[in-house]
Amino acid sequence: MDKKSTKDLEVSDRRDFFKKTAALGVTALAGTSLVASQDDNAIMHHPKWGQVWGDPVTKNRYGMPSAYEHNNTRRNTKLLASGNYRASIAVTPIHESEGIITPNGLFFSRAHGGTAQVDPKEFRLMIHGLVEKPIVLTLEQLKRYPSVTRTHFIECPANGGQEWRGPQFNSLQFAKGFMSCAEWTGVYIKTILKDLGIKPNALWMLAEGSDNSEMGRTVPMDKVLDDAMIVWGQNGEALRPEQGYPVRLLLPGWEGNLCVKWLKRLEFSDEPWFAKEETSRYTALKPSGKAIQHFYANEVNSTVVKPSPEKPWTDLEDGTMIEIEGLAWSGMGTITRVDLSFDGGNNYVEASLKGLVLPKCWTRWSYMHKYKKGEKLLLTSRSMDDAGYIQPTVNEEVALMGVESIYHRNGVETWEVNEKGEVNHVQIRS
Ligand SMILES: Nc1nc2c(c(=O)[nH]1)N[C@H]1C(S)=C(S)[C@@H](COP(=O)(O)O)O[C@H]1N2
Ligand SMILES: [Mo]
């Protein structure tokens with residue numbers, strides 16, 4: 001073992017610290033610290049939790065977050081979706097998110113017929129239609145196919161859809177929480193089709209759920225053969241019931257509604273199912289009255305996470321170095337760059353991408369800012385992806401789509417930081 005003295009460690013930690021902060025583009029740190037030390041004697045007290053035996057290690061067979069984190073929960077409101085609590089949507093507290101993974105208990109959840117409780121022993125998946133060997137699989141049989149693990153977001157295409165005409169929610173959770181990101185484990189459908197044999201005239205795949213809504217969605221074959229997956233693992237454990245336990249469809253980057261949960265049937269066909277039984281696609285109405293029909297991938301998007309209405313700067317002291325953090329994502333590819341504006345989109349600086357930068361995945365970004373007490377800011381972020389897309393301004397988006405749309409809103413979002421450090425959701429028409 002390396003026997004460095006504490007002093008050595010301190011020195012090298014400090015070196016690392018300055019290397020890192022230099023990499024973040026922070027200058028003028030000499031003689032100052034990121035966190036100002038105040039008169040605070042708390043460290044002098046022997047805390048009460050250290051004076052008693054702790055809970056037995058087996059108290060929670062399935063671990064729970066600290067009781068002090070009780071506010072970090074999904075939330076729902078009757079304003080969202082149908083207003084029926086069973087068939088509604090519970091949104092993710094993005095303002096509390098760390099990194100790019102949403103914990104399973106906080107993953108957003110939308111269910112048209114309530115959350116089904118599927119008995120895995122009774123689960124069957126039927127794969128039929130234009131395949132050489134139609135089959136009915138048990139869960140165990142399905143899991144014998146070679147599996148892969150991939151990190152992807154799922155976003156309801158109605159994320160932010162209440163806000164075409166202007167902000168409705170002074171909240172990041174409600175404005176952008178119809179999405180989450182997880183590490184999924186399952187099998188590529190192309191792997192199964194190699195085994196079963198697909199007929200050349202198969203052009204569409206119908207996926208159907210076994211829940212009360214029997215949700216059906218049709219997916220074009222090129223997506224099926226690209227990266228469509230059937231998944232059973234979510235962040236290192238079985239899918240949660242809210243995510244479709246035991247098995248759901250995952251179409252990386254595409255509309256969340258297509259990712260059918262509690263999956264029971266895949267049928268391959270030479271015509272789109274919605275030509276027969278209409279249940280299966282969302283359209284986007286343009287100002288001309290025409291609709292875009294085949295509108296599947298969630299476009300390049302981003303938001304500032306900290307600060308946000310839920311994470312204001314009211315307690316920040318003048319001169320504090322503060323990290324502005326956000327998320328960027330694109331259903332078309334990998335995030336290549338994120339810009340941040342302090343004046344509502346007139347001028348931009350480039351933010352740094354943090355940690356893993358993966359395709360069709362949340363990407364964390366940050367920018368270090370020296371806070372001036374009383375300053376007023378309009379924080380706007382704008383992201384780009386490797387498919388060549390850039391997030392539109394509000395006016396660009398409205399010119400194309402009008403304001404009657406519900407789905408696929410990805411125009412830039414702005415938080416106003418007022419002189420007290422409070423953060424409000426505003427819309428800048430530029
Ligand atoms: N079987 C079934 N699948 C479903 C739904 C449903 O109601 N039933 N809701 C869809 C919608 S609209 C969305 S946005 C996503 C949400 O996935 P999540 O609940 O895991 O976040 O699931 C989709 N899959
Ligand atoms: Mo959705």
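**Note on the ligand site, a hairpin and the salt bridges**

1. Around ligand 1 stand 20 residues, of which F108, H112, D211, R248 and K261 come nearest (a residue is near a molecule or strand if one of its heavy atoms lies within 4 Å of it). The shell comprises eight nonpolar, seven polar and five charged residues; Ala, Val, Leu, Ile, Met, Phe, Trp, Tyr, Cys and Pro count as nonpolar, Asp, Glu, Lys and Arg as charged, and the others, Gly among them, as polar.

2. This is a predicted model, in which local features need pLDDT of at least 70 and side-chain atom pairs count only at pLDDT 80 or more, while totals for chains, interfaces and linings use all residues. Residues are numbered from 1 along each chain as its sequence is written, chains are lettered from A and ligands numbered from 1 in the order in which they are written, and side-chain values use heavy atoms, with hydrogens and water left out.

3. Oxygen atoms of ligand 1 lie 2.4 Å from a polar side-chain atom of K261, 2.7 Å from one of R248 and 2.9 Å from a backbone N or O atom of R110. Taken alone, the ligand exposes 530 Å², and the protein buries 100% of that (Shrake-Rupley method, 1.4 Å probe).

4. Strands β22 (residues 414-417) and β23 pair in the antiparallel sense over four bridges; pairing requires that DSSP find at least two bridges between the strands. Strands (E, at least two residues) and helices (H or I, at least four) are DSSP runs, numbered from the N terminus. E416 has N424 of β23 as its bridge partner. Five residues separate the strands of this hairpin, in which G421 takes a positive phi near 90°. In β23 (residues 423-426), V423 and H425 form the covered face, N424 and V426 the uncovered one.

5. The whole structure holds 21 salt bridges (a side-chain nitrogen of Lys or Arg within 4 Å of a carboxyl oxygen of Asp or Glu). D195 and K133 form one of them, with the closest N and O atoms 3.9 Å apart. The pair links helix α4 (residues 189-196) to the loop between β3 (125-129) and β4 (135-137), 62 residues apart. D195 is partly exposed at 37% relative accessible area, as is K133 at 45% (buried means under 20%, exposed over 50%, partly exposed in between; 1.4 Å probe, protein chains only).

6. E325 and R364 form a salt bridge at 2.8 Å, linking strand β16 (residues 321-329) with strand β20 (residues 363-370), 39 residues apart. Both residues are buried.

Methods
Polar contact = N/O pair within 3.5 Å; in protein donor to acceptor, adjacent residues only side chain to side chain.
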